[in-house]
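The sequence and the model follow.

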Amino acid sequence: MSAREILRKCRDERREVLLLKEKQEELRTSLIPRAIQYKSDVIQASGESDPLAERLADVVDMDRQITAMLEDMYQTEAQAWRIVRAMNDSRYRVLLMTYYMSVRTDARGRTTLHTLETAAEAAGYSAGTM
């Protein structure tokens, strides 16, 4: 795999983890009102499935998926770090590390990937220096 492919894979895996975490948070948030209204002393004799239990199982499953994805992502990032550290120009190293291997928090508090513009800004570059 080429250096470019490894860096792109690193970014893609991070994006996938962020999306799954976002989906998981939405699912958890949707469970809060149901959990408050849930009557644990009610016994279901009809054999129908419990929607709250099913949703909780989905959250647990997502935790397992995220953990597995993070392990893969960390392995890819280790390869990416070796590639970036081998570069001679520290300006490019900082820019590449920021763009491919870090995240930012937007104005709404969401964690997102850097764009090239925000990566350059975070690395200390302005539009006038580029």
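## Terms and basis

A residue is called buried when its relative accessible area is under 20%, exposed when that value is over 50%, and partly exposed in between, with a 1.4 Å probe and protein chains only. The model is predicted: local features need a pLDDT of at least 70 and side-chain atom pairs count only at pLDDT 80 or more, while totals for chains, interfaces and linings use all residues. Residues are numbered from 1 along each chain as its sequence is written, and side-chain values use heavy atoms, with hydrogens and water left out.

## Overall architecture

The chain contains four helices and two strands; here helices (H or I, at least four residues) and strands (E, at least two) are DSSP runs, numbered from the N terminus. Read from the N terminus, the order of the elements is α-α-α-β-β-α.

Of the 130 residues in the chain, 27% are buried. The chain exposes about 9200 Å², and carbon and sulfur atoms supply 52% of that area; accessible areas come from the Shrake-Rupley method with a 1.4 Å probe, and for residues only the protein chains shown count as cover. Contact is defined as heavy atoms within 4.5 Å. Among the contacts in the chain with a separation of 6 or more, 63% are accounted for by residues 24 or more positions apart.

## Nonpolar cores

In soluble globular proteins, nonpolar side chains tend to be buried together. A nonpolar core is taken as a set of buried Ala, Val, Leu, Ile, Met, Phe, Trp, Tyr and Cys residues joined through side-chain atoms within 4.5 Å. The largest such core has eleven residues, namely Val17, Leu20, Leu27, Leu31, Leu52, Val59, Met62, Ile66, Met69, Leu70 and Met73. Helices α1 (3-37) and α2 (51-85) each supply at least two residues of this core, and α2 gives the most, with seven residues. One of the core members, Met73, is in contact with Glu13, Arg14 and Val17 when its neighbours within four places in sequence are left aside.

A second, separate core has nine residues, including Ile6, Cys10, Ala80 and Met101. Two of these, Ile6 and Cys10, are also contacts of Thr76, together with Lys9 and Glu13, leaving aside neighbours within four places in sequence. Thr76 lies in helix α2 and has a relative accessible area of 2%, so it counts as buried.

## Helix α3 and its surroundings

Helix α3 covers residues 90-101, which is twelve residues, and reaches 16 Å from its first C-alpha to its last, close to the 16 Å expected at 1.5 Å a residue. The expected span is 1.5 Å times one less than the number of residues in the helix. The buried residues of α3 are Thr98, Tyr99, Tyr100 and Met101. Thr98 is buried because its relative accessible area is 12%. Not counting residues up to four places away in sequence, Thr98 touches His114, Ala119, Ala122 and Ala123.

Met87 is found in the loop between α2 and α3 and, at 28% relative accessibility, counts as partly exposed. Apart from neighbours within four places in sequence, Met87 is in contact with Tyr92, Arg93 and Leu96. Arg91, which is found in helix α3, is also partly exposed, with a relative accessible area of 47%. Tyr125 is found in the segment after α4 (116-122) and is partly exposed at 23% relative accessibility. Arg91 and Tyr125 are 34 residues apart in sequence, and their C-alpha atoms are separated by 9.3 Å.

## Aromatic rings and charges

A pair of aromatic rings is described by the distance of the centres and the angle of the planes. Rings of Phe, Tyr and Trp (its six-membered ring) pair if their centres lie within 6.5 Å; planes under 30 degrees apart count as stacked, over 60 as edge-to-face and the rest as tilted. By this rule there is one aromatic pair. Its members are Tyr99 and Tyr100, which are edge-to-face at 4.8 Å centre to centre, with 85 degrees between the planes. Both Tyr99 and Tyr100 are buried.

A charge sits over a ring if NZ of Lys or CZ of Arg is within 6 Å of the ring centre and within 35 degrees of the ring normal. Arg11 lies over the face of Tyr99, at 3.9 Å from the ring centre. Arg91 lies over the face of Tyr92, at 5.6 Å from the ring centre.
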